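Work through the exercises below with the sequence and coordinates open. Each task is followed by a solution in steps.

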Amino acid sequence: MESLAALVAFVREFIEAEKLSEDVAFDVDLVLEELFTNLVRHGRGQGEIEVELSRAPGEVRIRLRAAEPSPFDPTAAPRVNVNLAIEDRRPGGLGIHFVRELCHIFRYEWTDGVGTTLVVMGVTD
Amino acid sequence: MLELHVEDSGVVRLQGRLDAAESDRALATLEKLPGPLVLDCSQLEYISSAGISVIMQTWKRLNSQGSSLRLNGLTPRVRNVFAYAGLDKVLDIQ
């Protein structure tokens, strides 16, 4: 998980270049960490994971690309019931739940051994 | 980077980022501490699902011992993450 520090630095550079707010920085950090750790935790993206951040009017786009021998679709992860009592909750699934909460577009595609996840979140210009 | 300052009064001050890189170390520190515990989150800048999991595991441990966990001083951004997780109303958050 040492790579997380590099991700945080990458996000910081993007936020400053695009003059985005600290609220947006927090949300981009959160979505990126959850997608990244999901890939690593499931043994995917063991080689290089390519991360791209881009800005369009009213939104920020995050794209992750990794070599994957077979498709591993995070958008198909089971939904978490956040209304359960804490005692009844099981670990896992919350990270993808946060991505769903924060992003109005959440897509995955797998072509020729490369998995690409695209998320888009709304931001105030 | 996360700093955990354990005070004699059962207060643990969290400073920095409680993310996947820091969650194992945070849990290792918290699980050695008897309850009741108060986590002072006023200097906690960031939390992810890995950090939420540390808080939930600590809550479960203390609850099973008949003790308690309280969170103080959350910033609005950190509080939002607890809200996304459905925990803002069920944990003792001041």
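Predicted model: local features only at pLDDT ≥ 70, side-chain atom pairs only at ≥ 80, totals over all residues.

**Exercise 1.** Describe the side of chain A that touches chain B by its size, its helices and its residue classes.

Solution. Start with the residue counts: chain A gives 22 residues to the contact and chain B gives 18 residues. Next, assign the chain A side to helices: α1 (3-17), α2 (22-41) and α3 (94-102) of chain A each supply at least two residues. Of these, α2(A) provides the largest share, 7 residues. Finally, sort the chain A side by class, which gives 10 nonpolar, 4 polar and 8 charged residues.

**Exercise 2.** Classify the packing of α2(A) against α3(A) from the geometry of their axes, then list the residues in contact.

Solution. The two axes come within 9 Å and cross at roughly 140°. The crossing in which α2(A) passes α3(A) is left-handed. From α2(A), the contact uses A:Asp27, A:Leu30, A:Val31, A:Glu34, A:Leu35, A:Thr37 and A:Asn38. From α3(A), it uses A:Gly95, A:Ile96, A:Phe98, A:Val99 and A:Leu102. By class, the residues of this contact are 7 nonpolar, 3 polar and 2 charged.

**Exercise 3.** Compare the span of helix α2 of chain B with the expected value, and find its buried residues.

Solution. Helix α2(B) covers residues 49-64, which is 16 residues. From first C-alpha to last it reaches 22 Å, close to the 22 Å expected at 1.5 Å a residue. The buried positions in α2(B) begin with the run B:Ser49, B:Ala50, B:Gly51, B:Ile52, B:Ser53, B:Val54, B:Ile55 and B:Met56. B:Thr58, B:Trp59 and B:Leu62 are buried as well. After the helix comes B:Gly66, with a positive phi near 75°.

**Exercise 4.** Is B:Leu18 buried or exposed, and which residues does it touch?

Solution. Locate the residue: B:Leu18 lies in strand β2 (residues 11-18) of chain B. Leaving out residues up to four places away in sequence, B:Leu18 touches B:Leu2, B:Ser23, B:Ala26, B:Leu44, B:Tyr46, B:Ile47, B:Gly51 and B:Val54. For one of these, B:Leu44, the separation from B:Leu18 is 26 residues in sequence and 7.5 Å in space, C-alpha to C-alpha.

Conventions
Residues numbered from 1 in each chain as written. Chains lettered and ligands numbered in written order. Contact = placed C-beta atoms within 7 Å. Helix = DSSP H or I, 4+ residues; strand = E, 2+ residues; numbered from the N terminus. Nonpolar A, V, L, I, M, F, W, Y, C, P; charged D, E, K, R; others polar. Expected span 1.5 Å × (residues − 1). Buried ≥ 20, exposed ≤ 12 C-beta atoms within 10 Å, placed from the backbone. Axes fitted to C-alpha atoms, helices over the stretch in contact; angles between N-to-C directions. Left-handed = near helix turned anticlockwise from the far one by under 90°.
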